[in-house]
Amino acid sequence: MVTRPSLRGFGAAIVVGVAVICMGVIVLGFIMPDRLFESTVGLVAFFAAGLLMVVCAVIANLYDLRGILHDEFG
């Protein structure tokens, strides 16, 4: 019987997805800084990604996202 993941599982997956997207923006800042930082939008995106990454890390530690993902999807 297939059980559907709960809302906790989907929330944990969303937090991980946001962290992965932020990681991609931060990596772009190190790979091609000239293109990313030549505009204000790129600079704001880089700093927002850094801030969101810290928020995702705090949420992951407070709510034990690793355990939630293992219980729901593993």
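1. Phe 30, Phe 37, Phe 46 and Phe 47 make up one aromatic cluster in this predicted model. Rings of Phe, Tyr and Trp (its six-membered ring) are taken as a pair if their centres lie within 6.5 Å; planes under 30 degrees apart are called stacked, over 60 edge-to-face, and the rest tilted. By this rule there are 3 aromatic pairs. One of them, Phe 30 with Phe 46, is edge-to-face, at 6.3 Å centre to centre with 75 degrees between the planes. Phe 30 belongs to helix H1 and Phe 46 to helix H3, so this pair ties together parts that are 16 residues apart in sequence. Helices (H or I, at least four residues) are DSSP runs, numbered from the N terminus.

2. Is Phe 46 buried or exposed? Phe 46 counts as buried, at 16% relative accessibility, while Phe 30 is exposed at 66%. Buried means under 20% relative accessible area, exposed over 50%, and partly exposed in between (1.4 Å probe, protein chains only). The ring centres of Phe 37 and Phe 46 are 5.1 Å apart and their planes stand at 85 degrees, so this pair is also edge-to-face. Phe 37 is partly exposed, with 35% relative accessibility.

3. Leaving aside residues up to four places away in sequence, Phe 46 touches Val 25, Ile 26, Gly 29, Phe 30, Leu 36 and Phe 37. Contact here means heavy atoms within 4.5 Å. From C-alpha to C-alpha, Phe 46 and Met 23 are 9.8 Å apart in space, and they are 23 residues apart in sequence.

4. A nonpolar patch on the surface is formed by Val 16, Val 20, Met 23, Val 27, Leu 28, Ile 31 and Met 32, with about 590 Å² of accessible area together. Patch residues have over 30% relative accessible area and no salt bridge; like charges are joined within 9 Å, and nonpolar side chains (Val, Leu, Ile, Met, Phe, Trp, Tyr) within 5 Å. A salt bridge is a side-chain nitrogen of Lys or Arg within 4 Å of a carboxyl oxygen of Asp or Glu. Areas come from the Shrake-Rupley method with a 1.4 Å probe, and for residues only the protein chains shown count as cover. Val 16 lies in H1 (residues 7-31) and is partly exposed, at 35% relative accessibility.

5. Which residues of H4 are buried? They are Leu 65, Gly 67 and Ile 68. These residues cover an arc of only 160 degrees around the axis, which puts them on the same side of H4; the arc is that of the directions from the helix axis to the C-beta atoms. The buried residues of H4 pack against H1 and helix H3 (40-63). Arg 66 and His 70 are exposed, on the face of H4 turned away from its buried side.

6. Leu 69 is in H4 (residues 65-73) and is partly exposed, at 24% relative accessible area. Not counting residues up to four places away in sequence, Leu 69 touches Gly 9, Ala 12, Ala 13, Val 16 and Gly 74. The C-alpha atoms of Leu 69 and Gly 9 are separated by 6.0 Å, although the two residues are 60 apart along the chain.

7. Residues are numbered from 1 along each chain as its sequence is written, and side-chain values use heavy atoms, with hydrogens and water left out. Because the model is predicted, local features need pLDDT of at least 70 and side-chain atom pairs count only at pLDDT 80 or more, whereas totals for chains, interfaces and linings use all residues.

Methods. Helix = DSSP H or I, 4+ residues; strand = E, 2+ residues; numbered from the N terminus.
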